[in-house]
Amino acid sequence: MAIEKKLFGIMPSGEEVYLYTLKNSNGMKTEICTYGGTIVSSMVPDKNGEFHDVVLGYADFEGYLKGDKYFGSLIGRFGNRIQYGKFILNDKEYVLAQNNGENHLHGGLKGFDKVVWDAMIIEDEPNTLELSYLSKDGEEGYPGNLAVKVKYVLTEDNALEIIYMATTDKDTIINLTNHAYFNLSGHSSGDVLDHKLMINADKFTVNDKFSIPTGEIKDVADTPMDFRTLTPIGKNIESDYDQIVFGNGYDHNWVLNTNCSDTLKAAQAIAENTGIVMDVYTTTPGVQFYSANFLDGLDVGKDKAIYKMRNGFCLETQYFPNK
Ligand code: BGC
């Protein structure tokens with residue numbers, strides 16, 4: 001089905017931002033905007049055939065321009081945290097913004113979530129939107145010109161595929177992901193504590209109290225981090241387990257049971273009231289499960305929704321943070 005395009009807003013610089021709508025023949029509809037390569041909405045059918053928007057987001061472009069929660073955004077150059085905003089590559093130290101306490105988060109002050117991507121509808125591939133962005137050598141402190149392409153594909157079996165590609169002219173580091181917050185009961189339906197979640201991981205990377213992976217990898221067995229079988233998100237979220245206390249809930253990288261070459265079913269989430277099921281497939285070694293611990297009720301979203309703590313969840317497929 002044809003992808004539709006309309007003007008979404010104008011950047012303070014005068015640059016135009018567009019909204020693209022991908023639809024399949026089952027009626028699933030996903031909107032992507034070129035600011036941040038953001039998933040603005042995704043309407044999916046429930047068990048009775050009624051449609052729900054399962055992605056948290058703002059009602060208009062201004063919301064995205066002001067927002068700081070990464071709703072639906074592409075994340076880069078490096079997803080999650082880098083301790084003290086510093087890394088060494090080929091014996092040279094690179095200094096990045098400290099935009100999360102003393103640490104670097106999600107690419108810095110102006111990460112890929114805050115830039116305008118070029119968009120192209122790929123005519124000979126069904127329902128495919130290709131976004132591209134050239135991040136210049138030194139941008140946000142990272143080395144190398146980095147040409148990034150992200151393809152969003154809406155398939156006939158109700159999957160939204162996100163395919164990340166990048167090339168560079170210098171050694172550099174990269175960790176691309178998408179930061180959509182999902183609520184499979186509908187974006188404005190409150191907390192996700194009764195959603196059931198499975199994460200296909202026997203281990204997770206242990207965090208310090210600033211959510212920086214310490215390098216230790218631990219078994220999930222006998223801890224609240226065990227999602228090897230479908231478990232309600234809320235079951236242990238108030239536990240006094242130190243990892244949960246540090247994160248104020250779940251905000252960790254799980255070490256997927258993967259060989260990284262075959263696509264793995266990394267996670268499954270289910271909302272029983274709507275019957276909506278989301279399966280997450282990836283080739284990355286990790287996934288960050290974040291239970292929206294820092295949503296504070298200050299963001300007014302689509303349909304005037306007030307998004308509070310734990311009103312959504314993110315499953316950010318990724319390489320391990322801080323490495
Ligand atoms: C991080 C959280 C952070 C959030 C920002 C997540 O990926 O793990 O710690 O607060 O992004 O929205």
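Tutor: Let me start with a definition: a cavity is a set of grid points where a 1.4 Å probe fits but cannot get out, whereas a pocket is an open set of points with protein on both sides within 12 Å along at least five of seven lines. Please keep in mind that this is a predicted model.

Student: What's the volume of the largest cavity, and which residues line it?
Tutor: The largest cavity has a volume of about 110 Å³, and its lining includes the tyrosines Tyr35, Tyr58, Tyr64 and Tyr70, along with Asp68, Lys69, Asp113 and Lys114. By class, the lining of the largest cavity divides into five nonpolar, three polar and four charged residues.

Student: And the second largest cavity, how much space lies in there?
Tutor: About 30 Å³ of space lies in the second largest cavity, and among the residues that line it are Asn80, Asn207, Asp251, His252, Asn253 and Gln288. Its lining has two nonpolar, seven polar and one charged residues.

Student: Which strand gives the most to that lining?
Tutor: Strand 20 gives the most to the lining of the second largest cavity, with three residues, while strand 17 (201-207) and strand 20 (251-256) each supply at least two residues.

Student: Switching to pockets now, what volume does the largest one have?
Tutor: The largest pocket has a volume of about 1200 Å³. It is lined by 38 residues, and those closest to its centre are Leu160, Glu161, Ile162, Val280 and Tyr281. The elements that give two or more residues to this lining are strand 4 (38-45), strand 14 (160-168), strand 15 (177-178), strand 22 (276-282) and strand 26 (314-318).

Student: How do the residues of that lining divide by class?
Tutor: The lining of the largest pocket divides into 25 nonpolar, 10 polar and three charged residues.

Student: What about the second largest pocket, which residues lie nearest its centre?
Tutor: The second largest pocket, which has a volume of about 320 Å³, is lined by 19 residues, and Tyr70, Asn100, Leu105, Tyr290 and Phe294 lie nearest its centre. Its lining divides into six nonpolar, seven polar and six charged residues.

Notes
Residues numbered from 1 in each chain as written. Predicted model: local features only at pLDDT ≥ 70, side-chain atom pairs only at ≥ 80, totals over all residues. Heavy atoms only, no water. 1 Å grid on protein atoms, 1.4 Å probe; cavity = no way out; pocket = protein on both sides within 12 Å on 5 of 7 lines; lining within 4 Å. Points joined across faces, edges and corners; volume = space filled by probe spheres on them. Helix = DSSP H or I, 4+ residues; strand = E, 2+ residues; numbered from the N terminus. Nonpolar A, V, L, I, M, F, W, Y, C, P; charged D, E, K, R; others polar.
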